[in-house]
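Hi,

Here is the structure I promised to pass on. Have a look at it first, and then read my notes below.

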Amino acid sequence: MILERSNAINLNDLRNQLGNINNRPDIQELSKILRMYQLYQAGQKEISTKLENLDSEFQVNYAYNPIHHMESRMKKIQSLAKKAERKGSDFTVESIEKNIHDIAGIRVITNYIDDIYKIEELLTSQTDVTLLRRKDYLKHPKESGYRSLHIVVLVPVFQSKGPVNVPVEIQIRTVGMDMWASLEHKLRYKTNSDSNLVDKYGNQLKGYADELEDIERGMQDIHKKLI
């Protein structure tokens, strides 16, 4: 009884925190959304474990770790509600599952460019992982110069009533690309999109992105000759 009472209070508090979004869910629907959220967290952990295992295998077999580090994040419920509103979607489990695929996210930072595609290949070749979406911003960089590989995969999460496939977004990029992306994000979002600053440094950053790719490919060539 104590757990049920505590859960009800949390749901009410969360519903109030959602403010005046369109089609704000009732307590019953919000409870379903939270259960879905738990599934996505479990899916994120499944993919993280798979990636850690692959990296460990490389260390044992090749004395090399393709993954420099990983960062996991879950989109907050409030952010999820705002994104659904921007998309003109209802804030329901059915609508979220259909329209939003980046609730659970993992950023994989690699040492070299080739590691990006190797990790993608090894992960998506696993029998219980299904590639859902793919955007290659390495071969086709954004206008700003942004480079990264974005994939969304489905992974089964085993529940008491059976497995449930959930999507997990994975961004894979090198240490250099990640450093560049963090600075570019700060320029465009942390400065409140100050047009003077964006104009002043945007083109400069784009040029650095091209230079950085040349440098990373050069270092990768040296690395290959040393192994």
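Let's start with two helices: H2 and H5 cross in a right-handed way (right-handed means that the near helix is turned clockwise from the far one by less than a right angle, left-handed anticlockwise). This is a predicted model, where local features need pLDDT of at least 70, side-chain atom pairs count only at pLDDT 80 or more, and totals for chains, interfaces and linings use all residues. Residues are numbered from 1 along each chain as its sequence is written, and side-chain values use heavy atoms, without hydrogens and water.

H2 covers residues 27-62 and H5 residues 113-124; they pack at about 115 degrees, with axes 11 Å apart. Helices are DSSP runs of H or I with at least four residues, strands runs of E with at least two, numbered from the N terminus. Axes are lines fitted to C-alpha atoms, for helices over the stretch in contact, and angles run from 0 to 180 degrees between N-to-C directions.

From H2, Ile47, Lys50, Leu51, Leu54 and Phe58 meet Lys118, Ile119, Leu122 and Leu123 of H5 (contact: heavy atoms within 4.5 Å).

Now for Asp136, which sits in strand S3 (residues 130-136). Asp136 is buried, at 10% relative accessible area (buried is under 20%, exposed over 50%, partly exposed in between, with a 1.4 Å probe and protein chains only). Leaving aside neighbours within four places in sequence, Asp136 is in contact with Tyr117, Ser148 and Leu149. A polar atom of its side chain lies 2.9 Å from the backbone nitrogen of Leu138.

Cheers

Key: Polar contact = N/O pair within 3.5 Å; in protein donor to acceptor, adjacent residues only side chain to side chain.
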